[in-house]
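Welcome! Take a moment to look over the structure shown here, and then we will walk through it together, one part at a time.

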Protein chains: 2
Amino acid sequence: MQRIEVIPLRGLPEVEKGDDLVRLILDAMGRAGTEAEGGDVFVVKQKVVSKAEGRVVALQDVQPSRKARALAKEQGKDPRLVELILQESVRVVRAAHGVIITETKHGFVCANSGIDQSNVGRGFAALLPVDSDLSARRLRRGLEKGTGVSLAVVVTDTFGRPWRRGQTDVAIGCSGIAPLLPYAGRKDRYGYELRVTEPAIVDEIAGAAELATGKLTGIPASIVRGVEYERSEVGAKALIMPKGRDLFR
Amino acid sequence: MQRIEVIPLRGLPEVEKGDDLVRLILDAMGRAGTEAEGGDVFVVKQKVVSKAEGRVVALQDVQPSRKARALAKEQGKDPRLVELILQESVRVVRAAHGVIITETKHGFVCANSGIDQSNVGRGFAALLPVDSDLSARRLRRGLEKGTGVSLAVVVTDTFGRPWRRGQTDVAIGCSGIAPLLPYAGRKDRYGYELRVTEPAIVDEIAGAAELATGKLTGIPASIVRGVEYERSEVGAKALIMPKGRDLFR
């Protein structure tokens, strides 16, 4: 193992629907004099990916269903936002104390189907990318072409945790990197065999990136350098707990 | 925000009961020529803290209760290990598929009360420190005295997550750093007020450190440099979700 570095990518402009995020990132790197190195992991926040992909919705265009209106009333939320939460989900996991935890169409379990209203403008809400692994793959290919080196991309969002206060950034999409580092079958120096150890390194990378970029800095991307990982295209969907192993459905 | 660096601290010897962990870390830094800087966050793995504090138990000395034997049989585990898991917990949250999720005496919800058998020698199990915030505080004071600069310490363990495969390192103790970075009341550039955003930065720091140290490298500590944080002594216990807000009891 070696030193890890997290380099925030400053100077990206406000991202709009249809923008070429690869071009914006490469231009910002060029202006900052930041050069990519082989193996770098580019971490890009969901919000700018969603914006570039046109996944921002004006709440005034949303017609809440009866179900959404009832749930909104119960949880003290905007019925139009709840309508979007329901549309983006396959089931409501819990709803209490003004919090709606859903399973998204991707299979992620998170608050509000990952929809939020920060950094998008008043009266708007940003939905998660339709296929965040595909978003990551497109970004990786573009960034590899633009930089000439082999890279990985992690698309991140901010999720809460059931038994711990606060949130951490986690991976909702990845490309060029295996999300888990399997230790199964490897032995410690006493000969004890590790069986279930598989660090979710893309989630740890997402959290590390968040430390360098924060929420209100307007820095939507960073480079995490020095991580040892396997190249893979299984994507962040490989992190979703299979139903049969889910103890908290 | 600025660059973050994670510097693994190599060259620590095998830690034994009664060892002065502060001295071992300072000596290893001296040999490696690593100097601490003000604001550095020292991340130390639970395993070496537990070893130094004598929290390693020989399974042959454990007498499993009837309850432990029944649960062990049900989940296909060693009854002596299950006895320890029960002794260290206040309740079993879930037990299924060979996994026992408990709430520890500290209030952490994790597999096996945080007890594990890797890197401690065959026939032994390491328990979590009795008071991991106190462990962090002692380390911080010793490291501050030894280095002459103001520091923070995070004690980490590896926890699973209910709906995501794999594990990430999280904070089970901290000192000199506020575990959460509260954004409540702050506004984005559109004037939208953040209400529930409070990144659990000590957990993100724990994960970042894990990327540089791994599981089988014999590197039990690292320095995370460049994180913006508030100084505080509330400890990692402030991360425990209050019962009234826990949707998944």
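How many residues of chain B are in contact with chain A? In this predicted model, 60 residues of chain B are in contact with 60 residues of chain A.

## Where the two chains meet

Let us start on the chain B side of this contact. β1 (4-8), β4, β5, β9 (164-175) and α6 (201-213) of chain B each supply at least two residues of the side that touches chain A. The most comes from α6(B), which gives 10 residues. Sorted by class, the residues on this side of chain B are 30 nonpolar, 14 polar and 16 charged.

Strands also pair across the two chains. Strand β1 (residues 4-8) of chain A and β1(B) run antiparallel and are joined by 3 bridges. To find one of these places, look for I4(A), whose bridge partner in β1(B) is V6(B).

## How the copies are related

What rotation superposes chain B on chain A? A rotation of 180 degrees does, with 0.0 Å of shift along its axis and an RMSD of 0.0 Å. The two copies are thus related as by a two-fold rotation axis.

The contact tells a matching story. Because 100% of the interface residues of chain B are also interface residues in chain A, the copies meet through the same surface.

## Chain A as a whole

Now for a single chain. Chain A has 6 helices and 10 strands, and its C-alpha trace spans about 55 × 50 × 25 Å along the principal axes. For 249 residues, a compact globule would have a radius of gyration near 18 Å, and the 19 Å of chain A agrees with this.

Of the 249 residues in chain A, 49% are buried. Among the contacts in chain A with a separation of 6 or more, 59% are between residues 24 or more positions apart.

## Two domains in chain A

The domain assignment divides chain A into domain 1 (5-14 + 35-48 + 131-242) and domain 2 (57-125). Taken over C-alpha atoms, the centres of domain 1 and domain 2 of chain A are separated by 26 Å. Where these domains touch, domain 1 of chain A contributes 8 residues and domain 2 of chain A contributes 7 residues.

On the domain 1 side of this contact in chain A, the largest share comes from strand β8 (residues 152-161) of chain A, with 3 residues. By class, that side of domain 1 of chain A has 3 nonpolar, 2 polar and 3 charged residues.

## A covered strand in chain B

Is strand β2 (residues 41-45) of chain B mostly covered or uncovered? β2(B) is mostly covered, with 5 of its 5 residues buried. The cover is found on both faces: V41(B), V43(B) and K45(B) are buried on one side, and F42(B) and V44(B) are buried on the other.

β2(B) also has strand partners in chain B. With strand β8 (residues 152-161) of chain B, β2(B) pairs in the parallel sense over 5 bridges, and the partner of F42(B) in β8(B) is V153(B). With strand β10 (residues 221-225) of chain B, β2(B) pairs in the antiparallel sense over 4 bridges; here V43(B) has S222(B) as its bridge partner in β10(B).

## An enclosed helix in chain A

Why is helix α4 (residues 79-87) of chain A described as largely enclosed by the rest of the structure? The reason is that 7 of its 9 residues are buried. These buried residues are R80(A), L81(A), V82(A), E83(A), L84(A), I85(A) and L86(A).

What covers the buried residues of α4(A) includes β3 (56-58), α3 (66-75), β4 (89-96), β5 (99-104) and β7 of chain A.

## Two residues with positive phi

Most residues other than glycine have a negative phi. N112(A) is not a glycine, yet it has a positive phi of about 55 degrees. N112(A) lies in the loop between β6 (109-111) and β7 (124-126) of chain A. N112(A) counts as buried because it has 20 C-beta neighbours inside 10 Å.

H97(B), also a residue other than glycine, has a positive phi near 55 degrees. You will find H97(B) in the loop between β4 (89-96) and β5 (99-104) of chain B.

Technical notes. Residues are numbered from 1 along each chain as its sequence is written. Chains are lettered from A and ligands numbered from 1 in the order in which they are written. This is a predicted model: local features need pLDDT of at least 70, side-chain atom pairs count only at pLDDT 80 or more; totals for chains, interfaces and linings use all residues. A residue is buried if 20 or more other C-beta atoms lie within 10 Å of its own, exposed if 12 or fewer, and partly exposed in between; C-beta atoms are placed from the backbone. Two residues are in contact if their C-beta atoms, placed from the backbone, lie within 7 Å. Ala, Val, Leu, Ile, Met, Phe, Trp, Tyr, Cys and Pro count as nonpolar, Asp, Glu, Lys and Arg as charged, and the others, Gly among them, as polar. Two strands pair if DSSP finds at least two bridges between them. Domain bounds come from an automatic or database domain assignment. Copies are superposed by least squares on the C-alpha atoms of residues with pLDDT of at least 70 in both. The radius of gyration is taken over C-alpha atoms; the globule rule is 2.2 Å times the number of residues to the power 0.38.
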